[in-house]
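This report goes through one protein structure, from its overall form to a single residue. Please keep the sequence and the model in view while reading.

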Amino acid sequence: MSTTITTDPTPTSETELLVDPAELRAEVRDKYSEVATNTEGEFHFHTGRRLAQMLDYPTNILTGLPESAVASFAGVDNPFDHGRLPTGGRVLDLGSGGGFDCFVAAELVGPTGSVVGVDMTPEMLTRARRAATEMGVPNVEFREGILEELPVADGSADVVISNGVINLVADKAKVLAEAHRSLRSGGVLQFADIAVGVSVPEAAKCDIELWTDCIAGGLSVDEWCELISAAGFTQISVGLPTDTFGGAAGESRARSFEVFGHTFRAVKA
Ligand SMILES: C[S@@+](CC[C@H](N)C(=O)[O-])C[C@H]1O[C@@H](n2cnc3c(N)ncnc32)[C@H](O)[C@@H]1O
């Protein structure tokens, strides 16, 4: 794939996209349906409980969650490390996958809070909804949708979280604009994603497989901050790098682009 794409069914004005957004979504769906259905599978990244432990998720919450809620976790860092979620808060999780971060968020905001997870992969949604039913959590809901057109009302969230997802989207500006729309004024964007330390060559940026492997879609930390700021957020802060791919099958490829997980936090003015 080497064409420069300038149109999208839901385009951000003036964004020049290097891959076709719909084609990328189809490939990402394929990859993550496998992560949802083959929990014993060998992927280029870590998954499940081992990953959550590596990323220092709170042990008391982790031990209380059944395997069904944790097995398909495929995040890249711990977004909850970057600031407390408010008790009673309304949380929106972009690309909620198997639901793990939604269940953690539900614990953190407590029974007076609520969590909505949005994802486009049916197998992930099935897994997440099944785990929610198994656990009997009434305040967590999963909606099918794409991050470029979030199925939520304006200003309906106090906190928007995400983990290892926005790098997988061609039109990141659109996703951040949607996050901004979804938040109330003063609401917080607090997400984890990968950042690259060396610039990814143009040819690699056009390689969809490198996108689904969480490499080609990564921005540098500075580029992430510029995009977050351009979407209308202020008070941007960035967490320290996490060696997300250390010991995973994709480690050497990640090393070649100096890929690390980071957390980002910003406020809707
Ligand atoms: C790496 S997984 C992370 C899932 C979850 N956040 C976690 O930490 O386990 C990426 C998830 O993002 C979803 N996703 C990627 N691009 C998306 C898009 N454009 N719209 C909706 N969901 C998307 C995929 O379906 C997949 O479930």
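## Overall form

A compact globule of 269 residues would have a radius of gyration near 18 Å, and the protein, with 17 Å, agrees with this. The radius is taken over C-alpha atoms, and the globule rule is 2.2 Å times the number of residues to the power 0.38. Along the principal axes, the C-alpha atoms fill a box of roughly 50 × 40 × 35 Å.

This is a predicted model, in which local features need pLDDT of at least 70 and side-chain atom pairs count only at pLDDT 80 or more, while totals for chains, interfaces and linings use all residues. Residues are numbered from 1 along each chain as its sequence is written.

## Helices, strands and contacts

The protein has eleven helices and seven strands. These are DSSP runs numbered from the N terminus: helices are H or I with at least four residues, strands are E with at least two.

Two residues are in contact if their C-beta atoms, placed from the backbone, lie within 7 Å. Among contacts between residues at least 6 apart in sequence, 75% join residues at least 24 apart.

Buried residues make up 48% of the 269 residues. A residue is buried if 20 or more other C-beta atoms lie within 10 Å of its own, exposed if 12 or fewer, and partly exposed in between, with C-beta atoms placed from the backbone.

In soluble globular proteins, nonpolar side chains tend to be buried together. A nonpolar core is a set of buried Ala, Val, Leu, Ile, Met, Phe, Trp, Tyr and Cys residues joined through C-beta atoms within 7 Å. The largest one here has 80 residues, and Val91, Phe103 and Leu189 are among those with the most contacts inside it. Strand β5 (residues 183-196) gives the most to this core, with eight residues. Not counting residues up to four places away in sequence, Leu189 touches Val160, Ala179, Leu183, Phe233 and Ala266.

## Around the ligand

Of the 25 residues around the ligand, Gly75, Gly95, Gly97, Met120 and Thr121 come nearest. A residue is near a molecule if its C-beta atom, placed from the backbone, lies within 6 Å of it. Helices α1 (21-37) and α5 (100-109) each supply at least two residues of the shell, and α1 gives the most, with four.

## Arg143

Arg143 is found in strand β3 (residues 140-144). Arg143 counts as partly exposed because it has 14 C-beta neighbours inside 10 Å. Not counting residues up to four places away in sequence, Arg143 touches Val116, Val118 and Pro151.
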